[in-house]
Amino acid sequence: MDVSHIFDDLNESQREAVSAPEGPLLVLAGAGSGKTRVLTYRIAWLVQALSLSPLSILAVTFTNKASHEMRGRIEQILGFPVGGMWMGTFHGLSHRLLRAHWQEADLPQAFEIMDAEDQLRLVKRVLKDLGLDESYWPPKQVQWFINSHKEEGIRAANMAPSQDDQQRQLQNVYLRYEEFCQRLGLVDFTELLLRALELLRNNDTLRNRYQNRFKHILIDEFQDTNTIQYQWLKLLAGQHQNIMAVGDDDQSIYGWRGAKVENILQFEKDYSGTKIIRLEQNYRSTATILNAANAVIRHNDGRLGKELWTQGEEGSAIKLYAAYNEYDEARFVISSIERWVDEGNRRDSIAVLYRSNAQSRVFEEILIERGIPYRVYGGFRFFERQEIKDALAYLRLINNRDSDPSFERIANVPTRGVGNKTLDTVRIRVRDTQTSMWKACLELLQQQKLTSRAANSLGQFVALIERLDADTQAMTLPELTEHVVKHSGLIAHYQKEKGERGAARVENLEELVSATRQFHFDEENSETDPLTEFLLHAALEAGEGQAQEWEDCVQLMSLHSAKGLEFPLVFLAGLEEGLFPHQRSIDEPGRLEEERRLCYVGMTRAMQELVLSYAEIRRLHGKESYTRPSRFVDEIPDEYLAEIRMTGNRIKTVAVGSSTSSVIAKHGSDSGYKLGSRVRHAKFGEGTVLNLEGQGEHARIQVNFQSAGNKWLVISFAKLELVA
DNA sequence: GTTGTGCGCTTTTTT
DNA sequence: AGCGCACAAC
């Protein structure tokens, strides 16, 4: 087969990677160096040049989004669908293994995936069972203890008994937590990975089967693999060692989740004869953006060493806006967005990035106010919303009475008189007789162990679930969902909630019904029914890809979600000490470096324009506080920066004058022009000064002309007149 | 026993 | 802003 077309769009090192001989391969790929391209073309090359079946390839990515995207691109290159190819996230692939081999993995067939919230509830319950005080044993920290040990592959049973009382108690909680999960068939996110790893490790037949099946293994974002993920990979690549890892140590941003950058170094040691290829040419960003990002990341120690370069244009300076407060910041960002769109650009060429999801709210407010369509990634995702989780809990309980997390969630939602005391009675019974909440509840009712009032309320709940189940037997998934949402009383319950919040929740519930309508059930590739399949989908893909996915809209997301994406215009908001770098990372050098890498990731998302901003006063957690600009801003050399201060008519509602920042007039102070002042040009007419950069005869000025729009002019040639 | 309300306290990033 | 907790009201 002629495969030469595969190489047409690749540079020298990319080609080398794509067509590398079999064996271990490590690709150190800088931001925007064509990493995804190399991975997809490598897969295409394996299929076309080596005539490998797509079924014998395993490709691992970090997000569902990345995996969908890659599958699409491969199909595009190959010209035929590769549905049978194993491609997905570590979690998704592990889940697939466990579903297929639930018996061997010692799980019930209907095992259920818990999200972080369910897990936290369960931790709290275990703490309560053990009589431990939550103020002394913060549930979040206990959760972290459990997860970080699982990420290292350490089970409670394998832990050496500790001398330290506190440590011993934590181990005990961990042990009880595991027992609980095992009894109820509950699997948390990390358990998916660990369980799948143990399955492969302990079961020779299965391990051999999969080792033989997957002739080639490819892994994206290798710098973000944790200990058990890497072990999982090594186990599968065991025989042939045809493993290609692609990563960038400068983009390792998941250390807090147990990711080990060291895996990159370890890879070389584990696989002797590893071929290493570096991709250092950047095709994404302008030279200015790239140089600035390089300057920031250079402040980190212990890098593998890699300097990105580009043949591309210098591009315009990175803009820096010192806002008065977060509203001023949002208004500035959004008026810049409007201008960009007015110039004929698409809205989806724009991303607003921030450190923490809470920051999205203000941007959303202003975007709504200005009628600009937008889409928020991450954060409060659809399937994670309270009302949606309530509805899903009803569906789960109808599907599987023994789902304790669901029972706990909705036994008293909407309120029906099942209070804490009653639930505690059920919980104690569960603990003593080792059953599920549902069964314990039936037994208590049958044996009349409850007060008549409690029995009445609880009986109502039991009857409701049974009735919902009976009534919906013959229904399709959307009909069933609609029926349940209505007759569970959830709609009525949330209608009572005051303000817009309640209305939004009701809307979301209706949205859930339409989500089930859009959910296409793949009958051929599934052993279960549509409801079960939909619930699994909801558990693993927390609601990316809602409705207006294809609409042209502005993209809002956290820096973490932005990894792997690129946009012509990028805003990096909230560059303040304490927010970014985050307060909780400032004191620890290692964590601070991770924040810096996060900044690097953010900056390198930008293709043409990068705009940074910070607020001098920010309302955080309901408190207003004065902030300092982020140290990362200082780490960008001045020559790449242009500071903007808008005053007067462009941004109306802001009292900019009240704050005195030292950075206001760093540039252009010798030119006689001020940001925001009005000027007249012989040809372009009147306009407002937006920006100034450079000194002396090279000094340039950016003016927004009423008729001609935005222009950059060299001051010494432009012959501008100040308008009084 | 259960529900509603007001108070004080913590507050990141994701599968 | 969201959660647990204490206290008053049904």
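**Note on the predicted model: contacts, strands, a helix and rings**

1. Leaving aside neighbours within four places in sequence, Ser94 is in contact with Leu192, Leu193, Ala196 and Trp232. Contact here means heavy atoms within 4.5 Å. Ser94 belongs to helix α4, residues 90-100. Its relative accessibility is 0%, so Ser94 counts as buried. The cut-offs are under 20% relative accessible area for buried, over 50% for exposed and partly exposed in between, with a 1.4 Å probe and protein chains only. Helices (H or I, at least four residues) and strands (E, at least two) are DSSP runs, numbered from the N terminus.

2. On provenance: this is a predicted model, where local features need pLDDT of at least 70, side-chain atom pairs count only at pLDDT 80 or more, and totals for chains, interfaces and linings use all residues. Residues are numbered from 1 along each chain as its sequence is written, chains are lettered from A and ligands numbered from 1 in the order in which they are written, and side-chain values use heavy atoms, with hydrogens and water left out.

3. Strand β12 covers residues 554-558. Five of its five residues are buried, so β12 is largely enclosed by the rest of the structure. In a regular strand, side chains alternate between the two faces of the sheet. Here both faces are covered. Val554, Leu556 and Ser558 are buried on one side; Gln555 and Met557 are buried on the other.

4. What are the partners of β12? Strand β10 (residues 350-354) runs parallel to β12 and is joined to it by four bridges. Within that pairing, Leu353 has Met557 as its bridge partner. Strand β11 (residues 374-376) also pairs with β12 in the parallel sense, over three bridges. Arg375 is bridged to Gln555. Two strands pair if DSSP finds at least two bridges between them.

5. The charged end of Lys563 sits over the ring of Phe62, 5.9 Å from its centre. The rule requires NZ of Lys or CZ of Arg within 6 Å of the ring centre and within 35 degrees of the ring normal.

6. Helix α17 (residues 420-433) has 14 residues. It reaches 20 Å from first C-alpha to last, close to the 20 Å expected at 1.5 Å a residue. The expected span is 1.5 Å times one less than the number of residues. Thr422, Leu423, Val426, Arg427, Arg429 and Val430 are buried.

7. The buried residues of α17 pack against α5 (116-129), α7 (165-184), α16 (404-410), α18 (437-446) and α19 (452-471). On the other side, Asn420, Lys421 and Asp432 are exposed. Just after α17, Gln434 takes a positive phi of about 55 degrees.

8. Rings of Phe, Tyr and Trp (its six-membered ring) pair if their centres lie within 6.5 Å; planes under 30 degrees apart count as stacked, over 60 as edge-to-face and the rest as tilted. The count comes to 17 aromatic pairs. Phe267 and Tyr271 have ring centres 5.0 Å apart and planes at 50 degrees, so the pair is tilted. Both residues are buried. Phe222, Tyr230, Phe267 and Tyr271 form one aromatic cluster.
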